[in-house]
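The following briefing accompanies the sequence and structure shown below.

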Amino acid sequence: METRQFRAKTMSEALRETRKALGADAMIISARTMDGPSGYVEVTAVGNGDNKKPAGLGAKYGIGKKKEASPVSDDIAPQLLNDEQIQKSIEPLKREMMSLRKMIADLSQITNQAVLPGFNDLRTLILESSQEQEASRLLGPIYTELLDLGLIPEIARDLVRTAELKLGLKTVDRKDWMSLARGMVRELITQRIKLAGPMVAGEGSRIFVFAGPSGVGKTTTLAKVASRMALSEGLDVVIITTDTYRVGSIDQSRRYAELIGVPLVVADRPETMANALRSYAHADVLLIDTPGRAFENEQVRTMLQDVLFATGEPMETHLLVSATFSTSQQEAVIKNFAPMHPSRLIMTKIDECVQLGSLVNIQHMTDLPFSYLTRGHRVPEDIEVAGAGRIAQLLFRTIME
Ligand SMILES: Nc1nc2c(ncn2[C@@H]2O[C@H](COP(=O)(O)OP(=O)(O)OP(=O)(O)O)[C@@H](O)[C@H]2O)c(=O)[nH]1
Ligand SMILES: [Mg+2]
């Protein structure tokens, strides 16, 4: 084995010289270009020495003769390196290759152990966030629909956000998304509706008070309840009215009492109320009607409280609010009737209301459960015990229909 260096002005020249000297099988170990005024190319190659054998050829091309091997000047003439020198010169290269190999192995290990899981987390995060963005973009129309249904923005936002969170990671077809989201929002509304059930005599109280602003439907609703209790449940019902303020109010109550076949008592002062309670000590249920004027007149309200206090018995006060009321009307009703400590809500006139979001709103404001919903003039037909599914169904009827 023979190792030699060849210098020439160009690479092809140097290679030609190399092959000439060491044969076509010569192995090039390195080739480098030296810049500068006397720039040259240096090729280091190893030959197996066979080319030396045919003497004629060797003599012809001057193989092994330093001076004749290169057409360039002495200072760039080829120099021979022995094996030991070659090994020595490639030793740093070998070490560098070893360390590179180790580095690659380490890197792939790191990638598997740490980088890949991290990358997967990142990918999941990006996926989730893009799905949430998509959900929020898709749920935008539902938010608008909820506002159109009369829900206050705070509740609509809360519902949409909760639905977004629940739906965010679900992969569904785009076209299914809206119906899925609507179903989810409807379910959320159903879940947040609080219910009290109907008036049940004997469960804590036998006295039920109907309070609320003028014309909301107190007298009519009382008649509906009285009719059901007396005619369907066979209870011993007494109607007491405290409304001597509105002209025709007593006549209206009397007509209903006669129709249902129950006694009517007018009690607009504490003494008359106390008497009525004594007279009907054994009645199953006492239904008390109140004047709508109590809403705007504080004096009437105070008097009413005195009259009711005279019963000396626990009472369950149901606040009647028309579903047609605006949010500000609802707020005024809640504020004015707070001293009467209502514990139930009756939503009236749902038949006249298009935006039933008012039901969800008022419950959000008062946190009071619903007992009944009324839906028309007819006594006793147009009343129902409030149900959450029914309220959600009524609320969404304009969208679903
Ligand atoms: N559309 C509809 N009308 C109702 C409903 N409930 C009551 N009404 C009507 O509303 C009007 C007023 O009803 P009332 O029962 O007299 O109301 P009120 O709260 O007693 O009124 P005041 O005694 O004046 O305070 C009547 O014409 C009732 O027929 C209902 O659910 N739907
Ligand atoms: Mg009335």
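**Briefing on the predicted model**

Met-347 touches Val-321, Ala-323, Leu-359, Phe-370 and Leu-373, leaving aside residues up to four places away in sequence; two residues are in contact if their C-beta atoms, placed from the backbone, lie within 7 Å. This is a predicted model, in which local features need pLDDT of at least 70 and side-chain atom pairs count only at pLDDT 80 or more, while totals for chains, interfaces and linings use all residues. Residues are numbered from 1 along each chain as its sequence is written, and chains are lettered from A and ligands numbered from 1 in the order in which they are written.

**Overall architecture**

- The protein contains 13 helices and 11 strands; helices (H or I, at least four residues) and strands (E, at least two) are DSSP runs, numbered from the N terminus.
- Of the 401 residues in the protein, 35% are buried. A residue is buried if 20 or more other C-beta atoms lie within 10 Å of its own, exposed if 12 or fewer, and partly exposed in between, with C-beta atoms placed from the backbone.
- Among contacts between residues at least 6 apart in sequence, 74% join residues at least 24 apart.

**Nonpolar cores**

- The largest nonpolar core has 76 residues, and those with the most contacts inside it are Ala-226, Val-237, Ile-240, Leu-287, Val-321 and Met-347. A nonpolar core is a set of buried Ala, Val, Leu, Ile, Met, Phe, Trp, Tyr and Cys residues joined through C-beta atoms within 7 Å.
- Helix α7 gives the most to this core, with six residues.
- Because domain 2 (109-192) and domain 3 (207-400) both give residues to this core, it lies between them; the domain bounds come from an automatic or database domain assignment.
- A second, separate core of 10 residues includes Ala-8, Ala-14, Val-41 and Val-43.

**Surroundings of ligand 1**

- Ligand 1 is surrounded by 21 residues, of which the closest are Gly-217, Thr-219, Thr-220, Gly-292 and Thr-374. A residue is near a molecule or strand if its C-beta atom, placed from the backbone, lies within 6 Å of it.
- Helix α7 (residues 218-232) supplies the largest share of this shell, three residues.
- The shell comprises one nonpolar, 12 polar and eight charged residues. Ala, Val, Leu, Ile, Met, Phe, Trp, Tyr, Cys and Pro count as nonpolar, Asp, Glu, Lys and Arg as charged, and the others, Gly among them, as polar.
- Thr-220 lies 8.9 Å from Gln-252 in space, C-alpha to C-alpha, although the two are 32 residues apart in sequence.
- Gln-252 belongs to helix α8 (residues 249-260) and is partly exposed, with 16 other C-beta atoms within 10 Å.

- Six of the eight residues of strand β8 (residues 315-322) are buried, so β8 is largely enclosed by the rest of the structure.
- Strand β8 pairs in the parallel sense with strand β4 (residues 207-211) over five bridges, and His-318 in β8 is the bridge partner of Phe-210. Two strands pair if DSSP finds at least two bridges between them.
- Strand β9 (residues 344-348) runs parallel to β8 and is joined to it by five bridges; Leu-345 in β9 stands opposite Leu-319.
- In strand β1 (residues 2-8), seven of the seven residues are buried, so β1 is largely enclosed by the rest of the structure.
- Glu-2, Arg-4, Phe-6 and Ala-8 point one way from β1, and Thr-3, Gln-5 and Arg-7 point the other way.
- Strands β1 and β3 (residues 40-47) run antiparallel and are joined by seven bridges, with Arg-4 opposite Ala-45 in β3.

**Helix α12 and backbone features**

- Helix α12 (residues 357-366) is mostly covered, with eight of its 10 residues buried; among them are Leu-359, Ile-362 and Thr-366.
- Thr-366 and Glu-331 are 35 residues apart in sequence and 9.2 Å apart in space, C-alpha to C-alpha. Glu-331 lies in helix α11 (residues 327-337).
- Lys-349 has a positive phi of about 60° although it is not a glycine; Lys-349 counts as buried, with 21 C-beta neighbours inside 10 Å.
- Val-379 and Pro-380 are joined by a cis peptide bond with omega of about 5°, and Pro-380 lies in the loop between β10 (370-374) and β11 (383-385).
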